[in-house]
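Trainee: Hi! I'm new to this one, could you walk me through it? Let's open it up together.

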Amino acid sequence: MKVTVVGSGYVGLVTGTCFADMGNDVWCVDVDQNKIENLKKGIIPIYEPGLEEMVKRNQQEGRLKFTTSLKEAIADSLFVFIAVGTPPGEDGSADLQYVLAVAEDIGKYMEKYIIVVNKSTVPVGTADRVREVIRAQLEKRGKSDIEFDVVSNPEFLKEGSAIEDFLRADRVIIGTDNVRTAELMKELYDPFQRKGDKILVMDIRSAELTKYAANAMLATRISFMNEMSALCEACGADIEKVREGIGSDSRIGRSFLYAGVGYGGSCFPKDIRAIIQIQKEYGLSPKILPAVEEINKQQRMRFVEKVVRVLGDDLRGYVFAVWGLAFKPQTDDMREAPSIDIIRALREKGARFQAYDPVAIQTAKAVLGDDGIEYFLSYYDALAKADALLLLTEWHQFRKPDFERMKNLMKRPLIFDGRNQYNPKKMREIGFEYYCVGRP
Ligand SMILES: NC(=O)c1ccc[n+]([C@@H]2O[C@H](COP(=O)([O-])OP(=O)(O)OC[C@H]3O[C@@H](n4cnc5c(N)ncnc54)[C@H](O)[C@@H]3O)[C@@H](O)[C@H]2O)c1
């Protein structure tokens, strides 16, 4: 089938590449000329395991093409996916300017029936707005007779395992008011359904809200565990034991129950703010989600306070090694990473940093700059003469480091672990001062 994906970021590029991999003819479109030129040369703008090889293969086999011209791309496409960013506006609501700009361009250039698919995370009612914008453009051109449908198809992939998530999604949600469109969407997704049908067809508004509700639920679990971690610290319980204890309950399950320095990334923070705003717009008074957001902010600062309790408020002269900058492992995405708030707060108190991340150094530099931070290509080098280590992203290689070597490199064997990677008792036995989250 012929597919155009507009927006070649984390979601758009993975979506387009996975559709091409199933034999479809795909155009990936972006306004970023540089990004498109690089993609044409096989240079991938993001770190996502397995993506580079898959892009190159599909490109070489002629199924995946890149362009900045939406007009060129949609000329023979049946599906046009919108996968552009929906960043938070000033009041926290999703800023739809990019989505609506694409809708306007679609209306300007389409010459035949297409199915416009909203893959960006968008508030309830966005499909109607996209439809209005396209219709207005068609009317302007005197081409109101060209038919089109608008579908909601929210994306649930996770950065770091995006390809696997797309190829073997838990579910594919198709929000539509039209049986014919549902059938065509099912046909497009059919190759991903070999192990059983995971497609859920529903009305457009429910599909739009499902995405926000899913992220809100997951973020709530994280904040719940972080609130419990504070209680554990106060009453002498161990959050890791509590996690095992509740996670083994089949009604609760084990996922998203990790206490730490809070959630970050390009989705949870902005989507929580956006759904709160949607609730308010409908005259409701959100209670749970403002608390989820508040706990998340506090959790980062509780980590900073822990450092201050041990080392004092004046951190001039202190050097911290930092292991992990990205908001989670297996990605270079720094959007709303806890490391940003933590490093900034400690930097204000005079601290300096020797930071390491396997893939996010470039993206981190763009956010945090060089002021007071030196970036290292080896995580052991980052420890040299450090007063303490801050472990902020749980990359696999940090799980079993050479602790003796660490002790020899550091000025003081002091670890603040924001991801509960080590056993506190064992750390004490081998001579570390070890502070983690919600554990005695
Ligand atoms: N990143 C994730 O893990 C994830 C997961 C699920 C859903 N989402 C949602 O998917 C959407 C996209 O997220 P992302 O992380 O891929 O964003 P991104 O910032 O990585 O990519 C967006 C791309 O769109 C391009 N763009 C902007 N305006 C354009 C236009 N008019 N025409 C063509 N291209 C344009 C940008 O240049 C950029 O390359 C968001 O709504 C996000 O909430 C993201």
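This is a predicted model: local features need pLDDT of at least 70, side-chain atom pairs count only at pLDDT 80 or more; totals for chains, interfaces and linings use all residues.

Trainee: Thanks! Back to Met225: where is its place, and is the residue buried or exposed?

Mentor: Met225 sits in helix H9. Helices (H or I, at least four residues) and strands (E, at least two) are DSSP runs, numbered from the N terminus. Met225 is buried, because 24 other C-beta atoms lie within 10 Å. The cut-offs are 20 or more other C-beta atoms within 10 Å of a residue's own for buried, 12 or fewer for exposed, and partly exposed in between, with C-beta atoms placed from the backbone.

Trainee: And how many Å separate the C-alpha atoms of Met225 and Ile278?

Mentor: Those C-alpha atoms are separated by 25 Å, while Met225 and Ile278 are 53 residues apart along the chain.

Trainee: What about Ile272, where does that one lie?

Mentor: Ile272 belongs to helix H11, residues 268-281. Ile272 has 26 C-beta neighbours inside 10 Å, so it counts as buried. Leaving aside neighbours within four places in sequence, Ile272 is in contact with Ala216, Ala219, Leu289, Val292 and Glu293.

Trainee: New topic: which members of the largest nonpolar core touch the most other members?

Mentor: Val6, Val116, Phe320, Val322 and Leu389 do, out of 121 residues in that core. Helix H9, residues 204-235, gives the most to this core, with nine residues. A nonpolar core is a set of buried Ala, Val, Leu, Ile, Met, Phe, Trp, Tyr and Cys residues joined through C-beta atoms within 7 Å.

Trainee: Why would such residues gather?

Mentor: In soluble globular proteins, nonpolar side chains tend to be buried together.

Trainee: Let's pick Val6. What is it in contact with, leaving aside neighbours within four places in sequence?

Mentor: Its contacts include Gly12, Val29, Leu70 and Val102. Val6 is also part of strand S1, residues 2-6. Five bridges join S1 to S2, and the two run parallel. Strands pair if DSSP finds at least two bridges between them.

Trainee: Which residue is the bridge partner of Val3 in S2?

Mentor: That's Val26. S2 also pairs with strand S3, residues 64-67, in the parallel sense over four bridges, and Trp27 has Lys65 as its bridge partner in S3.

Trainee: Why is S2 largely enclosed by the rest of the structure?

Mentor: Four of the five residues of S2, residues 25-29, are buried, so the strand is largely enclosed. S1, helix H1 (residues 10-21) and S2 also make a right-handed β-α-β unit. Right-handed means that, with the strands pointing away from the viewer, the path from the first strand over the helix to the second runs clockwise.

Trainee: What do S12, helix H15 and S13 make?

Mentor: They make a right-handed β-α-β unit, with H15 spanning residues 403-409. Strands S12 (residues 388-391) and S13 (residues 414-417) run parallel, joined by three bridges. Leu389 stands opposite Ile415 in S13, and Ile415 in turn stands opposite Tyr434 in S14. From S13 the chain crosses through helix H16, residues 424-429, to S14, and this crossover is right-handed.

Trainee: Last one: what is phi for Lys385?

Mentor: Lys385 has a positive phi of about 60°, although it is not a glycine. Most residues other than glycine have a negative phi. Lys385 lies in the loop between strand S11 (373-376) and S12, and it is exposed, with 11 other C-beta atoms within 10 Å.

Terms used: Residues are numbered from 1 along each chain as its sequence is written. Two residues are in contact if their C-beta atoms, placed from the backbone, lie within 7 Å.
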